[in-house]
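Student: I have just opened a new structure and would like to learn how to read it. Could you walk me through its features one at a time?

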Amino acid sequence: MIPLKDQELIRQKFANEMVEQVKVDLFTQRDLGLYVPGKEPCHTCKPTQEMLQELAALTDKISLRIHVLEEAVEEARRFGVERVPAIILRGKDGPVLKFYGIPSGYEFPEFIETIVHLSRGEAPIPEEAKKQIRRLRDEVRVQVFVTPTCPYCPQMARAAFGLAMINPKVKAEVVEVSEFPELARRYNVRAVPLTVINDRVAIPGAVPPRVLAEQVVKAATAPLAGLAGPQGEASQLGEEPGGRRPGGLILP
């Protein structure tokens, strides 16, 4: 999966930069090798597992566990896993970071950086964003919809994961949306990155971590009508009068 020359670079990076153990849990689907009516096959589960096994072999600071979703009900409930492939990343006494799909393309380098940040206990966001998100008192779900070919998506994935590292009330998950067309339809994803807060507020495009932190706090504490913020960089998203997307999400 990972070219040998890249493996050596990653091995050196892990050796030089990782400090504490990082726990990785992969939720996957059993490969039956045949078509089962009513059950969609997971085309990226096998390559995702192979990629994670190769990464875990590059350092003794990554511990990898593999679960079959249907057989790991309690573990799936514990981490809030709803679909496969799902990758759960955990540092020492830290947050639970969730990635749905295979982190490839532009997302792969950021995935490696996330592992390193967790190992070091360092949130990759500026101090202003940290101050904002520490104000959060209620749990907030932050979903970042990405694709492997989007150069702006890693910025929003890093910001969401960074907020979760500072305040575990932030339940951050990154979704490789091309693997989950039902989610693309549900949230009317027409361009990426698209960040959805509590299934109510949508932030199109890439915005600074400070802005994301502000919107996360407002989504938890203020009436929806009071939300305000700049538009992101993606302009292809559909919008109805009053700043409401067809899916019912509010655009700040």
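Student: Which residues are linked in a network of salt bridges?

Tutor: Let us begin with the general idea. Side chains of opposite charge can pair when their charged atoms come close. Please keep in mind that this is a predicted model. Here the network of salt bridges links Glu82, Arg83, Lys98, Arg141, Glu173, Glu182 and Asp199.

Student: How many salt bridges does a search of the whole structure find?

Tutor: The search finds 21 salt bridges. One of them joins the side chains of Glu113 and Lys13, at 2.9 Å from N to O. This pair links distant parts of the chain, with Glu113 in helix α4 and Lys13 in helix α1 (residues 4-17), 100 residues apart.

Student: Which strands hold Arg65 and Asp25?

Tutor: The side chains of Arg65 and Asp25 meet in a salt bridge, 2.8 Å from N to O. Arg65 belongs to strand β2 (residues 62-68) and Asp25 to strand β1 (residues 22-28), so this pair ties together parts that are 40 residues apart in sequence. With a relative accessible area of 1%, Asp25 is buried, while Arg65, at 37% relative accessibility, counts as partly exposed.

Student: Where do Arg30 and Glu71 lie?

Tutor: Arg30 and Glu71 form a salt bridge too, and their closest N and O atoms are 2.8 Å apart. Arg30 is in the loop between β1 and α2 (45-56), and Glu71 is in the loop between β2 and α3 (73-79); the two are 41 residues apart and link distant parts of the chain. Arg30 counts as partly exposed at 44% relative accessibility. Glu71 has a relative accessible area of 56% and is exposed.

Student: Let us turn to a helix. What span should the 14 residues of helix α4 have?

Tutor: First, the general idea. An α-helix has 3.6 residues a turn, so residues three or four places apart point the same way. Helix α4 covers residues 107-120, and at 1.5 Å a residue its 14 residues should span 20 Å. The C-alpha atoms at its ends are 20 Å apart, which agrees with that expectation.

Student: Which residues of α4 are buried?

Tutor: The buried ones are Glu107, Phe108, Glu110, Phe111, Ile112, Thr114, Ile115, Val116, His117, Leu118 and Ser119. Since eleven of the 14 residues of α4 are buried, the helix is largely enclosed by the rest of the structure. After α4 comes Gly121, which has a positive phi, near 65 degrees.

Student: Which residues line the largest cavity?

Tutor: Its lining consists of Phe99, Glu107, Glu110, Phe111, Thr114, Ala157, Phe161 and Val174. The elements giving two or more residues to this lining are α4 and α6 (153-166). Of the elements, α4 gives the most, with four residues. By class, the lining has five nonpolar, one polar and two charged residues.

Student: Last topic: how many disulfides does a search of the whole structure find?

Tutor: A disulfide is a covalent bond between the sulfur atoms of two cysteines. The search finds two disulfides. Cys42 and Cys45 form one, with sulfur atoms 2.0 Å apart. Cys150 and Cys153 form a disulfide with sulfur atoms 2.5 Å apart.

Student: Are these cysteines buried or exposed?

Tutor: Cys42 and Cys45 are both buried, and Cys150 and Cys153 are buried as well. The link of Cys42 and Cys45 is right-handed, with 95 degrees about the S-S bond. The link of Cys150 and Cys153 is right-handed, also with 95 degrees about the S-S bond. Counting bonded cysteines along the chain, the pattern is 1-2, 3-4.

Methods: Residues numbered from 1 in each chain as written. Predicted model: local features only at pLDDT ≥ 70, side-chain atom pairs only at ≥ 80, totals over all residues. Heavy atoms only, no water. Expected span 1.5 Å × (residues − 1). Buried < 20%, exposed > 50% of the residue type's maximum accessible area, 1.4 Å probe, protein only. Disulfide = S-S within 2.5 Å. 1 Å grid on protein atoms, 1.4 Å probe; cavity = no way out; pocket = protein on both sides within 12 Å on 5 of 7 lines; lining within 4 Å. Nonpolar A, V, L, I, M, F, W, Y, C, P; charged D, E, K, R; others polar. Salt bridge = Lys/Arg side-chain N within 4 Å of Asp/Glu carboxyl O.
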